[in-house]
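Hi everyone, thanks for coming.

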Amino acid sequence: MPLTLGVIADDYTGASDLANTLSKEGVRTVQTIGVPDAALALPDADAVVVSLKSRSIPADEAVAVSLAAYEWLKSRGASHILFKVCSTFDSTDAGNIGPVTDALRLATGAAIVPVTPAFPETGRTVYMGHLFVGDVPLNESPLKDHPLNPMTDSDLKRVLARQSAGRVGLVPLKDVAAGADAVSARLEHLALDGRTAAIVDAVFDRDLEAVGVAAAALPLSTGASGLGLGLARALIADGRVLRQASDGAALAAGIGGYAAVVAGSCSKATLEQIAIAEGQMPVLRLSAERLVTHPEAEVAAALDWAKARLASGPVLIAASGAPEQVAEVQARFGRHAAGVAIEHGTAAISEGLVAAGVRRLVLAGGETSGASVDRLKIPAFLVGPEIAPGVPLLRTEGQPGEPMVLALKSGNFGGPDFFAKALAMMGVAV
Ligand SMILES: Nc1ncnc2c1ncn2[C@@H]1O[C@H](COP(=O)(O)OP(=O)(O)OP(=O)(O)O)[C@@H](O)[C@H]1O
Ligand SMILES: O=C(O)[C@@H](O)C(=O)CO
């Protein structure tokens, strides 16, 4: 059966967030890691979310891999493409949201692309083109201290224009509140005026329903899970997708083995979650400096520490540091080099944990999860029940050997008790 919705996600946790939203709305969804091999047999699905690791790579590479994902999705019949970006619009003036949206627009033949990172369930709202995170503008939120892409401007019209070849317009809330026809009319007007993308305001889920109907009539949209919700509801309402309840309970059934958490996210939410976990399970804080200068020794020491404890219950291993620690490491080694070296270290630790018998694994941070999932050579996931908004339980699919259950947590997501909750849903008591 041909696909209806094809999603190209710029990181792995973001992909599982979107897959979670689609599956919660009743869309049969599979998440793949990278552009699937021709040989990979996938279960029947209405939506495939292709997870890329393209958020923080050079823009030309992000464009190339996104176009490859597009070609694969098109060959499977996808009638609408959603480019899934972070709900906090993580990007820099060099990209990659603008360059990838531009390239996909040309490939799909779209005149204009609606763009909205709104995700009201997690407090991301867009008004007059400005993104709010909870009750503060993006540039006053913890995202101003992000290790890879500090967000210092809440005006997404400006942010997107700086990284796009085309001109950027706005679909204001008054049009969105007037409904899907008003959104379509405004997009058409902006396209005639030479705009190639438009930031779309949205504050409530009902706004995203209107945006979803307008977007589903176009070949391409760019956004986060809120737009996924709008598209899912629109595709079900117009009969392109038949709503199906997901069989979440069965997902983790029969998967035993040791359990662990590996964290590389330095977000405020993750730092708080690690602090809470310290009262619930053994926690090892890695030295970020040694992960850069002596990676093999730091990884080996962490694995020795874990192996001595895994039989007694879950363990947590974190590279994550507070903003001042991150700044110090970056000043010494460079932002990109430090990030990549630390991701390699946490990925090697994930690999060592699985070799030691871990089958239930929670990963925190988009880049961190991406590096670990690649190292574990997982081709795809079935999407299960929600642990917290934006974070589902995932079961590996298409991998030789025993299946595993994982959670890929976006840095900013999850309540303070997230790690214990995720482990509990995997059948592990802390
Ligand atoms: N102590 C540290 N000092 C400097 N950089 C670190 C440290 N610990 C982790 N990092 C790096 O910070 C980056 C965190 O990015 P990651 O995407 O994993 O988390 P996040 O941005 O919070 O999550 P998300 O992308 O889902 O919002 C990674 O590149 C990681 O290697
Ligand atoms: O949209 C979000 O906030 C998340 O899915 C994400 O992409 C964070 O990395």
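Let's start with helix 6, where the buried residues are Ala 180, Val 183, Arg 186, Leu 187 and Leu 190. They sit on the same side of helix 6, because they cover an arc of only 125° around the axis, with the arc taken from the directions from the helix axis to the C-beta atoms. Buried here means 20 or more other C-beta atoms within 10 Å of a residue's own, exposed means 12 or fewer, and partly exposed is in between, with C-beta atoms placed from the backbone. Helices (H or I, at least four residues) and strands (E, at least two) are DSSP runs, numbered from the N terminus.

Quick housekeeping: this is a predicted model, where local features need pLDDT of at least 70 and side-chain atom pairs count only at pLDDT 80 or more, while totals for chains, interfaces and linings use all residues. Residues are numbered from 1 along each chain as its sequence is written, and chains are lettered from A and ligands numbered from 1 in the order in which they are written.

Back to helix 6. What covers its buried residues? The cover includes strand 5 (113–116), strand 9 (167–171), helix 5 (173–178), strand 10 (195–200) and helix 7 (205–216), with contact meaning C-beta atoms, placed from the backbone, within 7 Å. On the face turned away from the buried side, you'll find the exposed residues Asp 181 and Leu 192. After helix 6 comes Gly 194, with a positive phi near 90°.

Now zoom out. The protein divides into domain 1 (5–237) and domain 2 (250–425), with bounds from an automatic or database domain assignment. Their contact takes 30 residues from domain 1 and 31 residues from domain 2. On the domain 1 side, helix 1 gives the most, with 9 residues.

Last stop, ligand 1. How many residues surround it? There are 29, and the closest are Gly 321, Gly 339, Gly 365, Gly 366 and Gly 411; near means a C-beta atom, placed from the backbone, within 6 Å. Helix 12 (323–333), helix 13 (335–355) and helix 14 (366–375) each give two or more residues to that shell.

Technical notes:
Two residues are in contact if their C-beta atoms, placed from the backbone, lie within 7 Å.
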